[in-house]
Amino acid sequence: MRLGRFALVFAAVMAVLVAVPFYFPQRYIIHICVMTALFVTLGLSMNLMLRTGLVSLAHSAFMAIGSYTSALCMMRLGWPFSVSFLASGLMVALLALVSGPIFLRIKGVYFILLTYALSQVVMLNFMEWVSLFGGNSGLSDIPRPVLFGMVFNTARQFYWMALALAGVSFLVARTIYRSALGTIIDAIKEEERLASSLGLNAMGFRVLIFCISGFIAGLSGSVYAHYMTFLSPEAFTGVMIDVILINVFGGAASPIGPVLGAIILIPLPELLRDAQEYQILAYGILLIALQLFLPEGLIGLCRRILSARWRRS
Amino acid sequence: MTAVLSVTDISRQFGGLQALSDVAFTTVPGEIFGIIGPNGAGKTTLFNVITGAFPPSTGKVVFEGTPVAGLSMDKVARMGLVRTFQATSVFRSQSVFENLRRGAMFSLLGRPSFLLRAKATVTAGAVARKRAEEIIDFLDLGAVTTNRAGDLAYGLQKILGVGMALAAAPKMLLMDEPAAGLNPTETAALGKLLLRVRGEWKIDIVVVEHDMQMIMSICDRIMVLNYGRVICLDTPSQVRADPAVIEAYLGTDDELA
């Protein structure tokens, strides 16, 4: 019954979102929609980390690696898009699997710093290894994907692809949170020592979440690469902050939080083009204000309003 | 019951400090084994070495024939040696029932590999609920099942902590000062509870404790530590009469003079 209602709402929302390009055919609006859908995916990937009690700045590296992997698999190895797409996710998951057991040993702010360092090292590689990654000028002429004999060469096709990825990511996150795995990561976040004393291998589950999060971020990087058709390292530097901001703004306690966060925050700089030089400043002030007045984000605000109304009636 | 914890010649240094020297004991199946000692005697260090928080400098810890020193806490717990904490330790935001359910669930689904076993979650879910209900009956927590664990009185939180450890289906409980912070009535009740755990659940207990009265009344044997050495290992009545123990706790006449 509950599942039925969720399925209905989810299908209805997706149907509305699928129809967006028909009502707003302008290319730049569709571009914003593609980026928003990609950041919904990235935000959900980050949400998995936050729900496990981990703040990571590795997402710049994760998305970048996904992008470069997918692009190079098609360009250098001649792999079809479907395989390159999966390879981009697997590549990042593999990096998380190898680095996770070392990184995740370190707690709190030191883990954040380590993941920041990881992002920097990865970026430096993309900048300095010119023969493979094209250095600062990046990669260009990345081929368009072909899926089921259909060439993806319009913005709206990429919007649908990114939307599908965001939808699947949302369902994956929601399924995880409602399963035994969700209970486990909640417990690791709340009282890790207690959970371990009862027989839970907290490290194993943290590495698992790091891998799933990386896999999803890698896939979004792949779609980004083939949509833009050119890549340069600096395009990814802001991603690590954006994905956290999306979660803080929307509210990290629910998978709907990062979805709302991305839908509101990603189009904002485009609409306020003239003020773009103040973007970082605005983000900083927004973060401080949110911490002060809305520590649980938009989702927390909605819950407060709903419970207040419920109490009054 | 065959659960046996055997500690052989454990020593542990921290820099120049000898925290433990040649500590050795072996539990007898079915017993409650107490470890006491004045402050700084090395009780907590011994406890941490046994539970794998850090390895001993020398010596061995063997549980049920398997060396456990240096293994991770969760792995030791899945082998059946479950520890409880000195401070209350519950999932404060969750209900009493959910806390107990988690205790059982984490011991059943402790490793990520459970995701590869199709029916693991379903089976574990049913087992965990059943165990939680059993423990609610055993601990008489029926009136507070849906209460938030963080809202319970301190004494009740400690009882819940014991319940969660039970839910993890241990062969032996390793308890770090379970009576710390409890009033005399609560301490006495806890002592009775531990006797029932041993009697009705057939779980052996090793308990490190400060409260003399409780430990004397429930333990079959007691080991007394002082300055990291075993100064006495005997039945409670023998321990009470031992001159070395009296000296360690009260000092000698010379010191008083």
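**Figure 1. Helix H1 of chain B against a sheet.** In this predicted model, helix H1 (residues 43-50) of chain B lies across S1, S2 and S4 of chain B and runs at about 115 degrees to S1(B). Helices (H or I, at least four residues) and strands (E, at least two) are DSSP runs numbered from the N terminus. Axes are lines fitted to C-alpha atoms, for helices over the stretch in contact, with angles from 0 to 180 degrees between N-to-C directions. Contact requires C-beta atoms, placed from the backbone, within 7 Å.

**Figure 2. The open sheet of chain B.** Four strands are ordered S2-S1-S4-S5 with antiparallel pairing; a pair needs at least two DSSP bridges. The edge strands, S2 (17-26) and S5 (66-67) of chain B, each pair on one side only. Strands S1 (residues 5-14) and S4 (residues 58-63) of chain B are antiparallel and share five bridges. Ser11(B) stands opposite Thr58(B) in S4(B).

**Figure 3. Ala162(A) in the largest nonpolar core.** Among the 159 residues of this core, Ala162(A) and Ala168(B) touch the most other members. A core joins buried Ala, Val, Leu, Ile, Met, Phe, Trp, Tyr and Cys residues through C-beta atoms within 7 Å; buried means 20 or more other C-beta atoms within 10 Å of the residue's own, with C-beta atoms placed from the backbone. Helix H9 (residues 202-228) of chain A gives the largest share, 16 residues. Beyond neighbours within four places in sequence, Ala162(A) contacts Val34(A), Ala37(A), Leu38(A) and Val223(A).

**Notes.** Residues are numbered from 1 along each chain as its sequence is written, and chains are lettered from A and ligands numbered from 1 in the order written. Local features need pLDDT of at least 70 and side-chain atom pairs pLDDT 80 or more, while totals for chains, interfaces and linings use all residues.

Note on methods. Contact = placed C-beta atoms within 7 Å. Buried ≥ 20, exposed ≤ 12 C-beta atoms within 10 Å, placed from the backbone.
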